[in-house]
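Dear colleague,

Please find the structure below for your review. My notes on it follow.

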2 protein chains.
Amino acid sequence: MRQMPLDERKMVILQSIIRNYLETGEPVGSRTISKYADLELSSATIRNEMADLEDMGYILQPHTSAGRIPSDKGYRLYVDSMMTEKNREVDELREMLLDKADKMDQLLKQAAKLLATNTNYASMISAPNYRRNKLKFIQLTKVDHDQLLAVIVVEGNVIKNHILNVADNLDQETLLKLNILLNTHLSGLAIDEINLGMIQVLKQQAGSFGTIIGEVIDTVAEVIKDDEDLEIYTSGATNIFKYPELSDHHRASELITAFEEKRLLTELVNENENDSTQPQMGIQVYIGNENRIESMKDCSVVTATYELDEGMRGTIGIIGPKRMDYEKVVAVLKSLKTQIEDIYRGGK
Amino acid sequence: MRQMPLDERKMVILQSIIRNYLETGEPVGSRTISKYADLELSSATIRNEMADLEDMGYILQPHTSAGRIPSDKGYRLYVDSMMTEKNREVDELREMLLDKADKMDQLLKQAAKLLATNTNYASMISAPNYRRNKLKFIQLTKVDHDQLLAVIVVEGNVIKNHILNVADNLDQETLLKLNILLNTHLSGLAIDEINLGMIQVLKQQAGSFGTIIGEVIDTVAEVIKDDEDLEIYTSGATNIFKYPELSDHHRASELITAFEEKRLLTELVNENENDSTQPQMGIQVYIGNENRIESMKDCSVVTATYELDEGMRGTIGIIGPKRMDYEKVVAVLKSLKTQIEDIYRGGK
DNA sequence: GTTAGCACTCCACGAGAACGAGTGCTAACA
DNA sequence: TGTTAGCACTCGTTCTCGTGGAGTGCTAAC
């Protein structure tokens with residue numbers, strides 16, 4: 001693979017090849033490019049240039065006597081430098097989103113769907129982790145003689161319920177006391193900040209009801225943990241059938257399984273959220289082997305991180321074929337990221 | 001298509017054909033059956049019988065000079081009369097389920113997963129509709145100066161939250177009054193029973209806060225409605241790739257889309273839940289065209305209705321190839337149905 | 001540096017050919 | 001009358017082979 005600077009003409013040709021391949025999914029030949037309006041060159045000249053580009057590793061031939069397709073390196077160059085964002089498609093999103101803005105999880109589910117139908121790729125959205133979010137309040141209510149309902153509300157109006165089984169039959173007064181106890185100590189704290197010392201103090205003050213306090217706190221912890229693991233909304237997994245290069249049996253099966261199980265997707269999410277060196281407003285593009293998931297090595301993954309509050313991050317992502325309409329996807333992701341952040345900040 | 005009683009030998013042969021086809025998915029020929037231990041007959045004899053069976057419509061040939069495969073009518077006979085239930089596979093389910101029994105939706109999600117992995121088919125479970133369930137209580141809590149949290153608990157510990165936006169800044173006292181008002185009038189009622197008259201009375205008693213009452217009740221209604229539409233848990237959609245006859249591009253794409261969207265699945269659910277003439281303990285088998293969903297006309301669907309309380313029904317279903325292991329599926333569904341009902345009735 | 005021309009490569013596609021699994025029918029047998 | 005062996009026939013599957021065409025690389029001329 002030779003090293004050599006890309007002169008402008010090579011740039012234009014490479015761009016044309018990629019654009020064309022994005023549309024058709026077929027290897028593109030020299031004649032096709034020579035007919036490309038802007039450059040008045042014969043196919044022979046193009047062939048020479050293409051040979052150079054292949055030498056440099058930007059394009060490759062599936063087999064002798066076929067046209068060229070972009071290599072991962074070629075896509076990478078394209079994404080990094082050639083893309084000019086599309087902004088038209090984006091505004092429609094805003095209105096469609098505002099409908100469902102009353103609950104965060106509803107919102108995200110809706111957003112994932114929108115994303116998938118708008119782009120014709122598969123989409124995923126991870127819910128933000130709530131560890132650093134502040135508790136708004138905790139409330140215990142009697143549901144049955146031996147059951148308590150714990151409602152936990154954290155900032156951003158994220159609500160979690162849990163039923164506790166208790167041995168004792170608590171009277172209303174005790175319940176009220178416990179509620180006050182819990183709220184005076186815990187509300188306003190980030191979930192991360194609740195430590196063992198604090199729990200001890202609480203238990204002590206609760207006296208004989210210390211076990212209940214313990215259970216409530218366990219619940220808080222567990223509720224949070226649950227989220228981290230698996231709150232990922234996906235949509236449009238079947239869009240991959242629209243791209244022949246992804247939809248042979250084996251590949252399709254693996255991809256869709258990955259989507260259904262969601263476990264694998266957390267890798268994409270984590271990788272992204274923890275990466276602090278984010279170029280381009282938090283948009284990341286993984287082309288082919290650049291992402292770590294085996295079953296997605298023929299795909300491209302584009303992700304954006306949204307940040308609702310300090311440390312309260314989630315990821316929006318698109319998974320599709322390598323010949324993805326990167327411009328559109330990046331534009332849409334950027335927009336969606338902003339939408340979600342705006343809505344959370346109370347905009348409505 | 002001739003009419004004729006099925007003598008015992010034809011019965012055995014048909015059964016052998018179906019059994020064999022269930023295993024292999026390949027058309028089965030006369031030689032294969034003649035080697036079947038129990039009947040000492042030459043392939044020629046079998047051929048004669050097979051010709052009869054085809055005449056009667058129980059089996060068919062994909063093309064001349066291929067073996068025979070069961071027709072829908074053949075499967076139907078098999079399901080109706082030949083099946084002897086398997087009970088071994090079933091007990092494992094119980095233990096696995098008990099883990100997650102604290103919330104109904106968690107339970108069902110888990111159950112769907114279990115069902116899919118145990119059977120190697122796709123599974124779906126619809127949540128029961130709560131219309132006829134009694135309200136345990138409603139609770140309004142202040143979340144912010146202009147937001148109320150409504151927690152609605154219905155029998156079976158189904159909990160729903162909703163955030164209401166309110167114009168006025170309510171003080172604690174008013175809130176308490178509203179809570180008492182709501183609960184004295186509504187708790188103990190089935191959701192179906194809340195009527196306009198009652199709402200009027202409530203609004204009147206609430207005075208200037210009538211609008212809030214209205215909103216709360218709307219919320220109750222909406223929450224219930226939401227459920228009816230789309231609370232269906234699915235799992236194992238990708239199992240269909242295990243059956244070549246279902247996994248060609250077009251079919252697979254349509255099937256998985258149907259699963260992802262869930263909208264179509266409600267048809268299956270509704271059909272089943274409203275059908276009161278349920279033979280065989282509420283198990284229903286739809287073979288091929290017997291179900292109304294276009295994209296599933298090459299599948300069989302087996303559903304079971306569980307009933308937690310009077311009128312509070314949901315559906316468990318399996319979707320797979322027509323050559324489904326009906327015995328196992330029916331056994332597993334029956335078991336799961338019982339499990340779910342038991343767990344709900346407080347068993348733990 | 002660009003282009004026309006040409007020989008070459010290799011995939012895609014279709015037509016046959018060979019194969020084999022399975023059938024229906026007939027005739028013989030118990 | 002029911003069962004079986006045998007045989008000709010059908011038809012899908014799998015190869016092979018030949019052809020056409022798209023696209024290339026190279027060379028020589030402009």
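Which of the 19 residues around DNA strand C come nearest? They are Thr45(A), Thr64(A), Ser65(A), Gly29(B) and Ser30(B), where a residue counts as near a strand if its C-beta atom, placed from the backbone, lies within 6 Å of it.

This is a predicted model, in which local features need pLDDT of at least 70 and side-chain atom pairs count only at pLDDT 80 or more, while totals for chains, interfaces and linings use all residues. Residues are numbered from 1 along each chain as its sequence is written, and chains are lettered from A and ligands numbered from 1 in the order in which they are written.

The DNA surface. With four residues, α3(B) gives the most to the surface near DNA strand C; helices are DSSP runs of H or I with at least four residues, strands are runs of E with at least two, and both are numbered from the N terminus. That surface comprises six nonpolar, 10 polar and three charged residues (Ala, Val, Leu, Ile, Met, Phe, Trp, Tyr, Cys and Pro count as nonpolar, Asp, Glu, Lys and Arg as charged, and the others, Gly among them, as polar).

The chain interface. Contact links 22 residues of chain A with 22 residues of chain B, a contact being two C-beta atoms, placed from the backbone, within 7 Å. On the side of chain A that touches chain B, α10(A) provides the largest share, five residues. The residues of that side are nine nonpolar, nine polar and four charged.

A helix pair. In chain B, Leu178(B), Leu181(B) and His185(B) of α7(B) meet Met198(B), Leu202(B), Gln205(B) and Ala206(B) of α8(B). This contact involves five nonpolar, two polar and no charged residues.

With kind regards
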